[in-house]
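Okay, thanks for coming, everyone.

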Amino acid sequence: MPVTIRDVARQARVSVSTVSRAISAPDLVRADTRERVLEVVRGLGYQPNPAARSLITGRTGNLGIVVPDLGNPFFPSILLGVQARARESGNSVFFCDSGQDGGTEEELIRTMARQVDGVVVCASALDDERLVELADLTTMVLVNRALPGLPSVLMDSASGMGAVVEHLAALGHRHCAYLGGPGRTWSNQFRRGGLREAATRTGVDVLELGPFEPSFRGGAQGVEQALAAGVTAIIAYNDLMALGVLNRLAQLDVAVPERISVTGFDDILYAAMCGRPLTTVTMPAEAAGRAAVELLLDQLDNGTTAVESKRKELPTTLVIRATTAPPAGLAIS
């Protein structure tokens, strides 16, 4: 027979209501009593009934996450972090893929708002006004999108892209091409901002091409334009695009990195597994997922806090692998 709350109350020598408070509102129970109850809970392996707990706390015990593309390995990495932290806090996770469509994203958030305690929204395609409107429906945390007044987790993509340009400049590259992602997205704008700042500082001429679909196919589509411009390095918006670049260059019999260098961004699993491991920027995706849930739980537990405490910034790291080298004919001592 499953263990009931009455079994816990009987063994802990307290009332059923005290057991409920010790689990759902521990601050309302004396420390010694609370510890005795929780020790019995652990010993008996008692699992509170989710429906009953919802009636007591007013919460569903569910969190939601909306991502633009589960086919991109970057976003499942965020989901891993969300699931891990949610599990630690006793919550379940509902996840949805918006298919990089703003209308679908909005519909999913509206639907989830009725079923979960809060939603993590990754790389939103919605405009600021619409996101603020949706935040009135549910507790919300943004990942890779900054919006005044809303909690957010940001990965420092501008500095990461700056590190890419500095690396190529140090190798001797002076003419590079950037294959941009979706033009209006927050991520593309910040990566392009870091790229431009570093290009000005290092004297590197960067030809900006695109926008392209942030996919394997999108990367392949930009290769001929980059080659026609005579660049010595191609900087891709993300790793999926960089893998498409590498594939297309192989089809054209253009050697990497002997003829042209290639860089990516995100450091997905495949970046280190391809024929020539990809020089890229590590984005702390799993850590970002965990941090987003932390911010969500803080909002649920403590309500509105200062804006400064609602923004978490995580560093990025350049990983140099086998797809970058000095330009052909230039030796770096």
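So, H1 passes H3 in a right-handed crossing; a crossing is right-handed if the near helix is turned clockwise from the far one by less than a right angle, and left-handed if anticlockwise. Before I go on: this is a predicted model, where local features need pLDDT of at least 70, side-chain atom pairs count only at pLDDT 80 or more, and totals for chains, interfaces and linings use all residues. Residues are numbered from 1 along each chain as its sequence is written, and side-chain values use heavy atoms, with hydrogens and water left out.

Back to the two helices. H1 covers residues 5-12 and H3 residues 31-44, and they pack at about 125 degrees with axes 9 Å apart. Helices here are DSSP runs of H or I with at least four residues, strands are E runs of at least two, and both are numbered from the N terminus. Axes are lines fitted to C-alpha atoms, for helices over the stretch in contact, and angles run from 0 to 180 degrees between N-to-C directions. H1 and H3 are therefore oblique to each other, since under 35 degrees counts as roughly parallel, over 145 as roughly antiparallel, 65 to 115 as roughly perpendicular and the rest as oblique.

Which residues of H1 meet H3? They are Asp 7, Val 8, Gln 11 and Ala 12, and on the H3 side we have Arg 36, Val 37, Val 40, Val 41 and Leu 44. Contact means heavy atoms within 4.5 Å.

Now the sheet. Four strands form an open sheet in the order E7-E6-E8-E9, with parallel pairing; two strands pair if DSSP finds at least two bridges between them. At the edges sit E7 (205-209) and E9 (261-263), each pairing on one side only. On average, neighbouring strands are turned by 20 degrees against each other, direction ignored. E6, residues 175-179, pairs with E7 over five bridges, and His 175 has Asp 205 in E7 as its bridge partner.

Two helices go with this sheet. H9 (residues 186-202) packs on it, touching E6, E7 and E8, and its direction makes about 160 degrees with that of E7. H12 (residues 239-251) lies across E6, E8 and E9, at about 155 degrees to E9.

And the whole chain? It comes to 13 helices and 12 strands, and its C-alpha atoms fill a box of roughly 80 × 40 × 35 Å along the principal axes.
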